[in-house]
Amino acid sequence: MTDDVKRTIGPVLRERRLELKLTLEQVAKQTKIRKAYLESLEEERFEELPGQAYVIGFLQNYARILGLPAASLIDAL
């Protein structure tokens, strides 16, 4: 992953979540993803996540809840 590409994922997730007026706690409850992992995605601290397979799964679930195209976020990885 290049740093430029990674830098686009977090803001997209955070901005959409805020547009929908959702808190991280609400998203964590809906997705069953720990709040700390959601924060890591939004802050682009991918190294804090358990592994690449988890990053992809978390992005798919998070994108679905936010109504975002998961494929484009995953492609950005």
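Q: How many positive and negative side chains does the protein have, and how far apart are the centres of the two sets?
A: There are 12 positive and 12 negative side chains, and the centres of the two sets lie 9 Å apart. Lys and Arg count as positive and Asp and Glu as negative, while His and the chain ends are not counted. Each charge is placed at NZ of Lys, CZ of Arg, CG of Asp or CD of Glu.

Q: What kind of model is this?
A: This is a predicted model, where local features need pLDDT of at least 70 and side-chain atom pairs count only at pLDDT 80 or more, while totals for chains, interfaces and linings use all residues. Residues are numbered from 1 along each chain as its sequence is written, and side-chain values use heavy atoms, with hydrogens and water left out.

Q: OK, how many helices and strands?
A: Five helices and zero strands, in the order α-α-α-α-α along the sequence. Helices (H or I, at least four residues) and strands (E, at least two) are DSSP runs, numbered from the N terminus.

Q: What about the radius of gyration?
A: The protein has 11 Å, which agrees with the value near 11 Å for a compact globule of 77 residues. The radius is taken over C-alpha atoms, and the globule rule is 2.2 Å times the number of residues to the power 0.38. The C-alpha trace spans about 30 × 25 × 20 Å along its principal axes.

Q: How much of the protein is buried?
A: Of the 77 residues, 38% count as buried. Buried means under 20% relative accessible area, exposed means over 50%, and partly exposed is in between (1.4 Å probe, protein chains only).

Q: Switching to rings: how many aromatic pairs are there?
A: Two. Rings of Phe, Tyr and Trp (its six-membered ring) pair if their centres lie within 6.5 Å; planes under 30 degrees apart count as stacked, over 60 as edge-to-face and the rest as tilted. Y37 and F58 form a stacked pair, 5.3 Å centre to centre with 25° between the planes.

Q: Where do those two sit in the chain?
A: Y37 is in helix α3 (residues 35-42) and F58 in helix α4 (residues 52-66), 21 residues apart, so the pair links distant parts of the chain. Both Y37 and F58 are buried.

Q: And how are the rings of Y54 and F58 arranged?
A: Their centres are 5.9 Å apart and their planes at 55°, so that pair is tilted. Y54 and F58 both lie in helix α4, four residues apart, about one turn of the helix.

Q: Is Y54 buried, exposed or partly exposed?
A: Y54 counts as partly exposed because its relative accessibility is 47%. F58, at 11%, counts as buried. Y37, Y54 and F58 form one aromatic cluster.
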